[in-house]
Amino acid sequence: MTVRQILRDWTLPIAMAAGAMGYFVFHYAGFLAPLKPAVWVAVDVLTPSLIFIQLFLTFCKVDLKDFRLTRWHWIVLLFQLLSSLAVASVLIFVPMDEVYREIFEGAMVCLICPTATAAAVVTDKLGGSAARITVYNLMSNILAAVFVPVVFPLIEVHSELGFLPAFLKILSKVFPLLICPFLLALLLRYLWPKAHDFFKARAGIAFYLWAVALALAIGQTVRSMHNSTAPSLVLWLIAGAALMTCIVQFWFGKRTGRAYGDNITAGQALGQKNSVLAIWMAYTYLNPISSLAPGTYAIWQNLFNSWQLWRKNHRT
């Protein structure tokens, strides 16, 4: 295999390994300690910047007529709502030990968490529709923005945010990164077609920018898990709950989408989650240990995405 083939087939695993190794290098290499504050600031700036550029490049190749609602959007959204309500009902009405509550809370966060902001990049690479997953992304974010401030305070009281501030806070974390790249691509299409064609021809770069963003995200995930005070057994149980929700959501999304000839897009829409936003939601409203679930979910979903990309490349 050539270096190019290795990078094409194993981009995401390489990015994940690089992110994890990068964290441990900075953690254990004492001479790098003075750089840590600057590195974490750089990560906070680079991550949204990379996502913005990825989406802009992806939207440059999307046809506007593809931005439409389909029946599977509503079916998948209903599943996301009902599955989250089912777990929330167990937490509200069934008494249980604190350890089990943490596991159920982690599972609930993984279910209600909206679609990853940059899911359009991976979906496009897999042969799905970047436009239709963006439509579902907007829908799932609105659902989470309503569900979280209404239901989560009934389970744990950790935040003084009211409904409207929490609603706007969740939307503000996502919508600018979704809407602004789309508007910029749209403006270029009509006002500067040559520039639009230039970026459209280079849309494939978006996937490799996503790999860099993934490495940064995995570094943050490993940092959170490494610094956790939770017992090892609890950590493994929470990771297991995250794995189960990952399997169920990808399975249901793909099964539903297959009925409408859109299994890749529907599967990614329901299965690929905005783990950074989910971690924030868990820290703000629930037991902080439950935030380990979306952290490990990020690992599971990207392992599955890696396998999907490998399979697609070899079939091609």
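1. In this predicted model, helix α5 passes helix α6 in a right-handed crossing. The residues that form this contact divide into four nonpolar, two polar and one charged.

2. The geometry of the pair is as follows. Helix α5 covers residues 119-126 and helix α6 covers residues 130-155. The two pack at an angle of about 150 degrees, and their axes lie 9 Å apart. Angles over 145 degrees count as roughly antiparallel, and α5 and α6 are therefore roughly antiparallel to each other.

3. The residues in contact can be named on both sides. Helix α5 contributes Ala119, Ala120, Thr123 and Asp124. These meet Ala130, Ile133 and Thr134 of helix α6.

4. The largest cavity holds about 40 Å³ of space.

5. The lining of the largest cavity consists of Phe59, Val62, Leu64, Phe67, Phe182, Ala185, Leu186 and Arg189. By class, seven of these lining residues are nonpolar, none is polar and one is charged. Arginine counts as charged, and Arg189 is among the residues that line this cavity.

Technical notes. Residues are numbered from 1 along each chain as its sequence is written. This is a predicted model: local features need pLDDT of at least 70, side-chain atom pairs count only at pLDDT 80 or more; totals for chains, interfaces and linings use all residues. Side-chain values use heavy atoms; hydrogens and water are left out. Axes are lines fitted to C-alpha atoms, for helices over the stretch in contact, and angles run from 0 to 180 degrees between N-to-C directions. Helices (H or I, at least four residues) and strands (E, at least two) are DSSP runs, numbered from the N terminus. Angles under 35 degrees count as roughly parallel, over 145 as roughly antiparallel, 65 to 115 as roughly perpendicular and the rest as oblique. A crossing is left-handed if the near helix is turned anticlockwise from the far one by less than a right angle, and right-handed if clockwise. Contact means heavy atoms within 4.5 Å. On a 1 Å grid over the protein atoms alone, a cavity is a set of points where a 1.4 Å probe fits but cannot get out, and a pocket is an open set with protein on both sides within 12 Å along at least five of seven lines; lining residues have an atom within 4 Å of a point. Grid points are joined across faces, edges and corners, and a volume is the space filled by probe spheres set on the points.
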